[in-house]
Each structure stands twice: as C-alpha cells, then as structure tokens.
Amino acid sequence: MNINPKIAVFGGGSWATAIVKMLCENLEQVGWYMRNQSAIDYIKENEHNPNYISSATFNVNQLFLSSDINEMVKYADILIFAIPSAFVKTELDKITEPYTSKTVFSAIKGIIPESGLIVGEHFNKILDVPIENIGVITGPCHAEEVAMERLSYLTIACKDEEKAKILSNYISSNYIKTKISDDIIGTEYTAMLKNIYAIAAGIAHGLGYGDNFQAVLMSNSIREIKRFIKKVHKMKRNINNSAYLGDLLVTGYSVFSRNRMFGNMIGKGYTVKSAMMEMSMIAEGYYATKSAYLLIKKSKTRTPIIDAVYQILYENKNPKTVFNKLIELID
C-alpha cells in the first residue's frame, strides 16, 4: 500500500462525519462522498454538516467533496464505508470503477439485507474483495463525543496487520486512541449485535426497569454475543476487551445511543412506525434484529434477548408481556 494513501469516507451521517473529523487531524486532504449534493454545498459554505453532529466544524480546504461515488472510488486508496446497512447495496451498485485491489474498511454496524451478510463478508463473498484488503472500524465510540473531542477508543481490525496500523495512525489523535486486531468477523458481528441489545436496554428503561435489571441484561447480552460469534467464527479472543464488551456497554447505556432511544420509545408504547418517524436518525438495530434472528436460528444459538426484541419489533408482541417472560430466561 502507498505509505501516504489517499483516504475517502463514504456516507453523510453522524458516524461518517465523525470519521472525517478524525482523519482531518492527520491528513492534508480527506475525500468525502455524500449522495446529497445540497449537503455538500452547505458544508462548503458553512463548514459543518447540516444534518448530523453540526458542532463538528471543518476546514473545507482539507475536504475533497463529491456526490459522484465513482469519482471518489477512483480518488482513494483506502475506502471507508459508513453508510447505513439498509442502503449499502444501493450505493455499491452505482460503482463501476474497479476497487478490489484497494483497501476497504467498514464502519457500518449492521447486516446487508439483500445478502444476509455483515459488510466485510459481503465485500469478500459477493464483490470479490480479497479478505486481506478488508478491515473493520469498531468502538466503543459515539460520534457525538468525537465532535466534542472527548477521549474515545477505536479498534481497527484487518487480517493484514500493516493495513490496520496505517489506518490506525491516520485516525489517532490526542482524543482518539486506537488498537489493532485481526478479528474482523468477531468485531463486526459484535458491532452489529450490540445495537439489538441497546434496543433491549431501551425497552427495559421504557417499561420502568431500573439499573439493577439493566446490569443483568448487559451481562447476559455479552454472553449471548460470545456464544454466537464463537459459532460463526471460532478463534482466540477476549470477549471482555473494549471492541466487544466496551462497545456493548457504551451503546446500551449512553444517552447518545439512537438504538437505546428507539427501544425506550417502544417500551413507552410507541409503535415501530411512529418511533421511526419521530427519530431523525436511523436505528441500525431495527434492521439488524431481523437479520440476526434468521442467522441465529440457522446456527441454533441460544439468544433469548434477541428473540425477545424480534418478537416485539417484528411480531408486534406486547413489550411488557415479552419482558415478563424474558426475566425468567436470564440470570
């Protein structure tokens, strides 16, 4: 890989905006693809994203902005995708420029619905990107705290350690600490699953359960994650590391967690449709719940918390009734 690679971020949401901010700490120029040209025009004039973490300001001279995805693919050596999983395939289908020899990092916390695969697996199995050219960026980290430059930690996972180190160097700063990992499957599955457990935590809060139950819910959640990723990708990993347990905890407890907020609304009696209409940002965990439920049934893993969230979101079962049963299945 080029020792001074060009890096581009694909996506216009809060996490994409936060990653661009991190990269601007270290690079003279950062590529940024957004499909909305009006948002690009706004950033050029006002130096911040009009729709997400608008407190993060940019020197627009550092940004190479484009609404042409192929122009951005051609520009970059390292491609970082931070597009909501439900819309990834639509964007990838627009690409005609070759990119299988480039390095692709996923900062997406979900499963691509059309393939039923996490993003890294989709790039590898469907789009023929070599596994050593695929990486994952995971937390624990919220975009809002990046905007405020609060101390945050990221894990950069890639089979090719050198590629992980290169991105790690470009994304680190006095407020962003990074570590590298070779567990691209486990970290990416955790990044997807933790959003479902955050919805469960939100539902519990909406129903009136207190901190004591939340602690039990989170401890059972990490055990469910461990059981599942051990079945889909068995390797030596410490599930208590920040890329796994830490990412779960920040998403389950933080006031910035949109998945917890979504679950809280469901617990308070909102329908799925009304909760989604009221939220300005996408709760990835909603889409992840269905995909994860189907995957888990195939793997025959015991996951009563995910089962409960699925029943509430997709079978329209009463949250209070479902949680009354759930409390008998966890300890």
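**Helix and sheet packing in a predicted model**

User: Happy to look at this with you! Which strands does α7 lie across, and at about what angle does α7 run to β9?

Analyst: This is a predicted model, where local features need pLDDT of at least 70, side-chain atom pairs count only at pLDDT 80 or more, and totals for chains, interfaces and linings use all residues. Residues are numbered from 1 along each chain as its sequence is written, and side-chain values use heavy atoms, with hydrogens and water left out. Helices (H or I, at least four residues) and strands (E, at least two) are DSSP runs, numbered from the N terminus; axes are lines fitted to C-alpha atoms, for helices over the stretch in contact (heavy atoms within 4.5 Å), and angles run from 0 to 180 degrees between N-to-C directions. Helix α7 lies across β1, β4, β5, β8, β9 (152-158) and β10, and runs to β9 at about 155°.

User: Nice. How are α1 and α7 oriented to each other?

Analyst: The axes of α1 (residues 14-24) and α7 (residues 161-171) come within 7 Å and cross at roughly 85°. Angles of 65 to 115 degrees count as roughly perpendicular, under 35 as roughly parallel, over 145 as roughly antiparallel and the rest as oblique. Therefore α1 and α7 are roughly perpendicular.

User: And which strands stand at the edges of the sheet?

Analyst: Eight strands form an open, mixed sheet ordered β3-β2-β1-β4-β5-β8-β9-β10, where two strands pair if DSSP finds at least two bridges between them. Each edge strand has a single partner, so one side is left without a neighbour in the sheet: these are β3 (63-66) and β10 (176-181).
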